[in-house]
2 protein chains.
Amino acid sequence: MTDTPAKPPQDPLAEPRRRPGRPKDAGDLRDLILDQAELAFAETGFAGARTRDIAERAGVNQALIRYYFGSKEELFDEVFRRRGGLISARRHEFLDELLMATPAPTVEQVLHAYLLPQWAMKYSGANGAAFVRLQARLHSEPEEHALRLRREVYDSSVHRYVEVLSRCLPGIPRDRVSIRFSFLVGTYMFMLNDLGRLGDITEGHVVDLGKDRMLEELVAFLAAGMRAS
Amino acid sequence: MTDTPAKPPQDPLAEPRRRPGRPKDAGDLRDLILDQAELAFAETGFAGARTRDIAERAGVNQALIRYYFGSKEELFDEVFRRRGGLISARRHEFLDELLMATPAPTVEQVLHAYLLPQWAMKYSGANGAAFVRLQARLHSEPEEHALRLRREVYDSSVHRYVEVLSRCLPGIPRDRVSIRFSFLVGTYMFMLNDLGRLGDITEGHVVDLGKDRMLEELVAFLAAGMRAS
DNA sequence: CGGTAATTTAATCACCTGAATAATTGCAAT
DNA sequence: ATTGCAATTATTCAGGTGATTAAATTACCG
């Protein structure tokens with residue numbers, strides 16, 4: 001408190017630090033933080049990710065996270081809602097389009113409409129794959145927090161798809177359709193998330209089937225399961 | 001350092017603390033630690049669990065974890081291997097028995113043999129359900145550590161089942177069978193782990209189908225998927 | 001122009017974390 | 001008896017953790 005109140009001798013190679021205060025153009029640091037948080041949460045999960053890392057990767061002070069989001073948990077929620085909401089919306093759209101085009105679609109068509117938004121996000125570049133992993137992680141967390149988020153974001157689209165599928169499968173009671181739908185959720189979550197188990201199981205014969213082929217295989221498998229007598 | 005070298009005034013209601021030194025009968029604290037670690041890891045994942053909590057729940061000093069296991073990570077490995085090895089061994093046994101009884105089993109029979117050990121463990125009481133959750137969590141962790149463990153414990157039984165299934169499904173190329181098998185892994189992992197999503201998806205109509213009925217439904221679904229043309 | 005509000009930083013807090021150490025006790029072999 | 005090993009504890013360590021505060025800088029509104 002008594003001496004060297006001035007700046008320490010700065011590294012002349014250091015990039016020009018942002019100084020505090022309102023920025024001139026404000027290139028929305030909020031979104032930058034969300035992007036980096038998405039990556040961090042995907043890599044190490046909620047507990048494993050450090051707010052310091054997230055801030056550093058975004059080139060931003062740690063306190064800014066609190067400023068924008070309040071807490072680490074609320075930051076996570078926001079990350080999840082941002083893309084989850086998008087996926088859910090796309091699902092609704094695709095189902096609308098499908099029902100508009102054909103009043104009695106096949107099981108395959110309905111499943112394809114349901115899965116495509118996730119698939120497209122995974123291969124969209126731009127952190128999509130990270131979000132998909134983060135989401136798969138959330139799906140295996142039994143905590144109340146996780147459950148609440150999933151409900152909030154996904155339940156509405158899921159319920160609609162179950163209803164439509166039920167109409168496609170007149171021989172199968174509704175409750176059974178919904179049970180099978182929950183099987184389906186586990187299946188695609190795992191495949192979306194996976195980063196090596198497929199290679200192990202096929203003993204190296206199949207490592208990456210490619211976006212389209214994998215989706216086809218999955219739809220065929222799931223549709224057959226749905227129709228099981 | 002200078003005064004009060006003696007014990008602080010102890011809470012007279014405190015239970016008699018175990019004093020250091022070799023115990024008289026040594027009711028294997030090692031296993032006690034493993035049990036509590038299993039619960040803790042299942043509840044909050046690897047990063048979220050605290051060695052302090054684990055030790056406390058086991059009624060044991062924290063340093064004992066290091067004494068027996070070396071580190072938190074090695075403790076986790078041991079927890080995983082203990083029951084994972086058991087499950088893998090059971091799978092081998094059941095497959096042996098099945099092939100002994102019928103040289104050409106149905107897909108349903110093979111899948112049942114594969115799934116039963118996990119199912120039985122989940123409903124065995126005695127932390128079985130906790131282990132199953134922990135395992136499902138591990139399945140959605142992409143880290144190298146997780147991958148290595150799964151390989152070590154499960155690959156041998158998985159490869160055998162893929163081979164037998166391939167024989168049951170002569171119309172389907174081997175690679176495709178193994179891809180479908182990896183679909184299957186995701187499906188049952190999710191169902192084993194699930195603690196509420198089923199209820200959401202069925203809008204409350206189905207919360208718990210009961211051990212046997214759920215396994216039947218799952219086998220029917222998966223067998224149909226395996227056979228998909 | 002001048003004041004107020006928004007945005008950002010550096011610095012710090014209180015607490016927690018896994019790990020390590022050294023002391024303590026009981027048992028078994030000599 | 002004495003010594004040495006095994007199992008257990010209380011205590012401490014070094015380093016992180018999310019959160020918080022106070023100050024700094026700029027934009028915006030009158």
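Colleague: Why is B:Glu203 called partly exposed?

Modeller: Buried means under 20% relative accessible area, exposed means over 50%, and partly exposed lies in between (1.4 Å probe, protein chains only); B:Glu203 has 43% relative accessibility, so it counts as partly exposed. B:Glu203 sits in the loop between H9 and H10 of chain B, and its phi is near 55°, a positive value in a residue other than glycine. Helices here are DSSP runs of H or I with at least four residues, strands are runs of E with at least two, and both are numbered from the N terminus. This is a predicted model, in which local features need pLDDT of at least 70 and side-chain atom pairs count only at pLDDT 80 or more, whereas totals for chains, interfaces and linings use all residues. Residues are numbered from 1 along each chain as its sequence is written, chains are lettered from A and ligands numbered from 1 in the order in which they are written, and side-chain values use heavy atoms, with hydrogens and water left out.

Colleague: What makes the pair B:Arg197 and A:Asp155 a salt bridge?

Modeller: The term requires a side-chain nitrogen of Lys or Arg within 4 Å of a carboxyl oxygen of Asp or Glu. In this pair the closest N and O atoms are 2.8 Å apart, and the pair is accordingly listed as a salt bridge. Between chain B and chain A the count is eight salt bridges.

Colleague: Which elements of chain B give two or more residues to the side that touches chain A?

Modeller: They are helix H1 (29-48), helix H6 (128-139), helix H7 (144-168), helix H8 (174-193), helix H9 (197-201) and helix H10 (211-227) of chain B. The largest share of that side, 16 residues, comes from H8(B).

Colleague: How do you know how many residues are in contact between the two chains?

Modeller: Contact means heavy atoms within 4.5 Å, and by that rule 59 residues of chain B are in contact with 58 residues of chain A.

Colleague: What is the area buried between chain B and chain A?

Modeller: Buried area is the accessible area (1.4 Å probe) that two parts lose on being put together, summed over both. For chain B and chain A this comes to about 4800 Å², of which carbon and sulfur atoms give 62%. In chain B, B:Phe183, B:Arg197 and B:Phe221 lose the most area to chain A, together 16% of what that side buries.
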